[in-house]
Amino acid sequence: MWRPIFALIRKELIAVFRDARSRLVLVVPPLIQLLVFGYAATFDLNHVPIAVFDPDHGQASRELVARFAGSPTFSVRKVLDSESQGSALLDARAVQMVLVIDPRFTRDLYQHRSAPVRLVVDGRNSNTALLIEGYANTILSGFALRWTAAHGGPPPAAMLDIATRYNPALLSRWFIVPGVIALLTQVVVLLVVGLSVAREREMGTFDQLLVTPLRPIDLLLGKGLPGVLIGLVEASVITVAATVWFKIPFRGEIGALYLGLLLFVIAITGLGLAVSALAATQQQALLGAFLFMVPSVILSGFATPIANMPRWVQWLTFANPMRYVLVIVRGVFLEGTGYSALASQYWPMAVIGLVTLIAAAWLFRKRTV
Amino acid sequence: MPPPTDAEPALRLADVRHRFRSGPRDVAALAGVSATAMRGTVTGLIGPDGAGKTTLMRLVAGLLRLQSGRVEVLGIDVGRDPLAVQARLGYMPQRFGLYEDLTVQENLDLYADLQDVPPAERRARYAQLLPLTGLGPFTKRLAGRLSGGMKQKLGLACTLLHPPEFLLLDEPTVGVDPVSRRELWRIIEHLTRESRTTVLFSTAYLDEAERCDQVILIHEGRLLGAGTPAAFTAEIAGRSFLASAGLGRRELQARLSAAPGILDAVIQGDRVRIVTASTGTAASADWSRAAPGLSLTPTPPRFEDSFVAKLRGIARANEPPLPPASPTATPVATAPPPPVTTGSTPGGTPEEPVIVVEHLTRRFGPFVAVRDVSFAVGRGEIFGLLGANGAGKSTTFRMLCGLLPASAGRLRVAGFDLRTAAATARARIGYMAQRFSLYADLSVRQNLRFFSSAYRLSGARQIARIDWAVGEFDLAAVLDATARDLALGYKQRLALACALMHEPQILFLDEPTSGVDPLARREFWRRINALAESGVTVLVTTHFMEEAEYCDRLIIMASGRVLADGTPASIKASARRDDRPDPTLEDAFIAMIDAAGTEVAA
């Protein structure tokens with residue numbers, strides 16, 4: 001009974017790899033997206049241009065300015081002669097922050113009085129502004145600690161001692177690149193599988209298949225397994241790129257990762273086949289795939305935390321396989337999470353896969369016009 | 001109308017060549033065509049699919065850049081000034097762009113806007129075109145709800161809104177029912193007579209040649225001949241005969257087509273039409289040996305006879321790599337091993353029908369595609385479903401194959417309803433889809449291997465069947481070619497080979513020879529006949545009236561209903577009149593529609 005299925009799989013793989021264009025689709029876009037996500041999509045701030053107005057010219061103020069200048073986050077572009085120059089630079093987007101130091105800064109510090117420092121931040125992108133404020137605050141409190149240690153004075157009333165686990169340097173790449181494994185695998189599998197049945201319908205070969213003694217289960221396996229195979233290869237390539245090229249730490253077990261990826265790819269294959277079985281043309285299948293793809297990324301926690309979403313949207317995410325696989329991929333990479341802790345992520349994907357595959361098998365025969 | 005005299009040609013083609021790149025291949029779509037067409041005449045551009053008709057049409061319309069040669073329309077060099085030509089000609093492409101969600105009137109208004117017809121002139125123009133096309137009563141109907149023939153007439157009306165001096169019609173009669181076809185021809189004749197319009201009309205139907213004033217016959221990009229239809233048939237005058245003998249018509253056809261000196265033998269009614277290599281019946285002694293009791297009646301030559309004679313001439317000229325049509329062995333001997341089942345003798349009256357259809361109905365929403373259709377097909381019979389596009393034959397066909405559920409009625413194929421039967425029941429049928437659906441990205445060998453596996457062949461039997469297919473269908477030379485790149489005739493052979501891999505008892509053929517050249521069609525039917533003789537039941541759909549001659553029995557369908565049921569001879573006999581002693585199936589079809597008084601298009 002396996003021979004016809006193998007013949008289908010063989011045919012499917014030949015059809016994908018014989019065509020130069022579909023070969024290209026499997027290799028080039030994922031590569032470009034991996035580079036784009038790995039390098040360009042980052043929440044980290046680097047070399048934020050700032051201006052400094054320091055009428056104090058004291059020992060302390062120079063030390064503070066040096067701390068800003070020495071930080072990789074900020075880059076001092078201009079030293080100002082008046083405070084009003086700062087506003088003009090902010091307006092022109094030449095700088096994103098102006099550091100204004102009080103004329104009595106050094107004197108106040110030596111007298112153990114609180115010494116005011118003012119930050120004027122460009123708030124047009126609120127997210128960036130908050131990040132800038134945070135970084136500046138870190139530099140300021142570092143300076144204050146060192147100053148009291150060297151020159152005495154009352155210690156701060158309360159002190160934060162922050163230890164960041166899993167990603168000590170808080171590199172957003174560590175968060176994004178493992179997510180890209182799930183994202184790109186989903187794109188490739190959905191396109192390869194989603195178009196396969198629709199293409200055959202368009203060519204008329206699907207009727208030809210339906211009149212052979214192949215059963216729906218044979219068609220399902222013959223159409224689905226190539227997608228699963230291609231998806232797993234794709235995921236493996238990106239996983240290797242993530243660890244070797246982007247140097248993302250891999251702390252867990254390969255098996256735990258692959259179990260998750262396998263279930264994920266099966267669920268996406270089922271969805272792709274169901275979309276494909278419903279569509280009469282390749283164009284409809286493509287539209288259907290994108291109709292699913294865009295919300296599924298937003299509702300997955302890929303970029304924004306699911307916990308921040310309204311409750312009813314959170315309910316929706318339970319039907320989204322990507323939601324679960326992201327937890328698995330990130331968990332295995334950064335935390336080294338094991339099988340048992342991920343069980344609650346594995347089984348929902350298995351359920352989604354089962355339901356979509358059964359639906360697809362049923363739709364193969366029903367949807368005939 | 002402009003002053004130039006009618007003696008000056010409206011179209012002049014001089015050594016027109018055109019090449020396409022199709023993937024890795026470089027295809028010569030046109031290999032040096034020269035011809036002329038006179039003003040105010042209908043010129044038929046005739047040839048099978050892939051002959052280069054559409055390419056030539058688009059070159060004449062200035063829609064393709066001329067690569068080599070010269071095209072002159074109404075005295076204008078199209079290569080130099082395509083816009084000047086386009087202002088004076090009308091072009092109706094194969095699939096005219098009607099907006100199916102607009103009504104007939106809205107489509108006309110839209111095209112009048114697009115062609116910049118002044119609003120003041122529109123009313124008068126509509127008043128001419130609507131009665132001419134018979135669309136008057138249907139102006140409020142959505143274009144998508146029109147029949148195939150009415151859509152073509154609406155497309156033609158849209159093309160004629162701005163009266164063109166030169167009209168290009170690309171296969172306007174494909175898949176159109178005979179009544180609409182006759183009406184389209186009336187419109188064309190009216191145009192050439194009343195407004196001296198020059199018409200270039202392309203078609204793959206050879207019988208339409210006889211309606212043209214002159215014919216340009218092309219095949220695989222080459223010009224086979226140009227001239228009046230009478231000139232074509234005059235070349236083979238005295239070489240056409242109707243043969244009969246004390247044999248079954250299929251047997252007689254098989255023997256005669258293998259006999260020396262006979263270029264063509266096709267079934268026509270109860271007799272076999274032959275075209276001989278030379279005039280006279282010098283070799284008739286040989287033929288009589290092949291078919292004892294042979295009697296020959298001279299018959300006027302048809303255009304198709306002349307085309308076949310020309311094609312045979314070409315095939316003979318480049319003998320070694322010839323297309324497979326040469327009947328080297330008797331067809332019966334090359335027939336595939338029959339799926340041996342005990343039972344009735346071939347040709348005899350089968351005791352139990354293999355296919356039974358009773359009161360079959362299929363609705364799509366409020367639309368009834370198939371209405372109360374009943375028929376039965378016996379073992380070893382070739383049964384035809386004949387009708388125009390949209391007549392319901394494909395829907396019936398798909399229900400029989402189990403691809404579509406019936407809304408009402410009963411159907412049995414080899415005792416099963418394939419929609420609900422176990423998958424293994426489908427191993428009894430072979431299916432050849434319209435347009436020869438194969439896996440275009442796979443090679444010929446991979447296609448054969450895939451389909452044989454899908455039919456659960458394995459091991460020695462699979463190898464044996466693939467070898468059989470390669471030998472029987474002459475596929476050895478193209479075994480590693482990608483299916484996409486095959487010529488149409490090869491695609492058709494590969495599709496049939498794939499459908500026969502598992503030696504089915506029943507063969508379903510959907511429009512099996514549409515567009516292929518007459519030699520490929522003969523070759524195809526030779527195989528089908530041999531299969532039927534060996535006991536395979538064949539169900540075939542076609543919109544080709546002529547093709548129905550090959551069927552033992554057929555039903556003619558229109559608007560989802562069965563109009564007639566019987567043998568080709570009995571159906572034709574029903575249309576026999578004093579002024580029409582030997583009617584064709586097409587005549588019979590038209591007579592039935594007229595008698596029924598129903599609007600086929602409705």
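This is a predicted model: local features need pLDDT of at least 70, side-chain atom pairs count only at pLDDT 80 or more; totals for chains, interfaces and linings use all residues.
Q: OK. Among contacts in chain B between residues at least 6 apart in sequence, what share joins residues at least 24 apart?
A: That share is 72% in chain B.

Q: And in chain A, for contacts between residues at least 6 apart?
A: There, 80% join residues at least 24 apart.

Q: How many helices and strands are in chain B?
A: Chain B has 18 helices and 23 strands.

Q: How many of its residues count as buried?
A: Of the 602 residues of chain B, 52% do.

Q: Now chain A. What is its secondary structure?
A: Chain A has 14 helices and four strands.

Q: Compact or spread out?
A: The radius of gyration of chain A is 28 Å, well over the 21 Å that the globule rule gives for 369 residues, so chain A is more spread out than a compact globule. Its C-alpha trace spans about 95 × 45 × 40 Å along the principal axes. Of its 369 residues, 38% count as buried.

Q: Where do the chains touch? How many residues of chain B are in contact with chain A?
A: 26 residues of chain B are in contact with 21 residues of chain A.

Q: Which element gives the largest share of chain B's side?
A: Helix α13(B) does, with four residues. The elements giving two or more residues are β19 (429-432) and α13 (444-454) of chain B.

Q: Switching to the largest nonpolar core. Which of its residues touch the most other members?
A: B:Val60, B:Phe508 and B:Val538 do, out of 252 residues in that core. Helix α7 (residues 172-203) of chain A gives the largest share of this core, 18 residues.

Q: What is B:Val538 in contact with, leaving aside neighbours within four places in sequence?
A: Its contacts include B:Ile382, B:Phe383, B:Leu507 and B:Ile528.

Q: Back to α7(A). How do its axis and that of α11(A) cross?
A: The axes of α7(A) and helix α11 (residues 282-298) of chain A come within 8 Å and cross at roughly 160°. Angles over 145 degrees count as roughly antiparallel, so α7(A) and α11(A) are roughly antiparallel to each other. The crossing of α7(A) past α11(A) is right-handed.

Q: Which residues make that contact?
A: Among them are A:Leu183, A:Val187 and A:Leu190 of α7(A), and A:Ala285, A:Leu286 and A:Met293 of α11(A).

Q: One more helix: α12 of chain B. How many of its residues are buried?
A: Eight of its eight residues are buried, so-called mostly covered. They include B:Lys393, B:Phe397 and B:Leu400. After α12(B) comes B:Gly402, whose phi is positive, near 85°.

Q: Why does B:Thr395 count as buried?
A: B:Thr395 has 21 C-beta neighbours inside 10 Å, and a residue is buried if 20 or more lie there. B:Thr395 is found in α12(B).

Q: What is B:Thr395 in contact with, beyond neighbours within four places in sequence?
A: B:Arg362, B:Ala369, B:Val370 and B:Leu404.

Notes. Residues are numbered from 1 along each chain as its sequence is written. Chains are lettered from A and ligands numbered from 1 in the order in which they are written. A nonpolar core is a set of buried Ala, Val, Leu, Ile, Met, Phe, Trp, Tyr and Cys residues joined through C-beta atoms within 7 Å. A residue is buried if 20 or more other C-beta atoms lie within 10 Å of its own, exposed if 12 or fewer, and partly exposed in between; C-beta atoms are placed from the backbone. Two residues are in contact if their C-beta atoms, placed from the backbone, lie within 7 Å. Axes are lines fitted to C-alpha atoms, for helices over the stretch in contact, and angles run from 0 to 180 degrees between N-to-C directions. Angles under 35 degrees count as roughly parallel, over 145 as roughly antiparallel, 65 to 115 as roughly perpendicular and the rest as oblique. A crossing is left-handed if the near helix is turned anticlockwise from the far one by less than a right angle, and right-handed if clockwise. The radius of gyration is taken over C-alpha atoms; the globule rule is 2.2 Å times the number of residues to the power 0.38.
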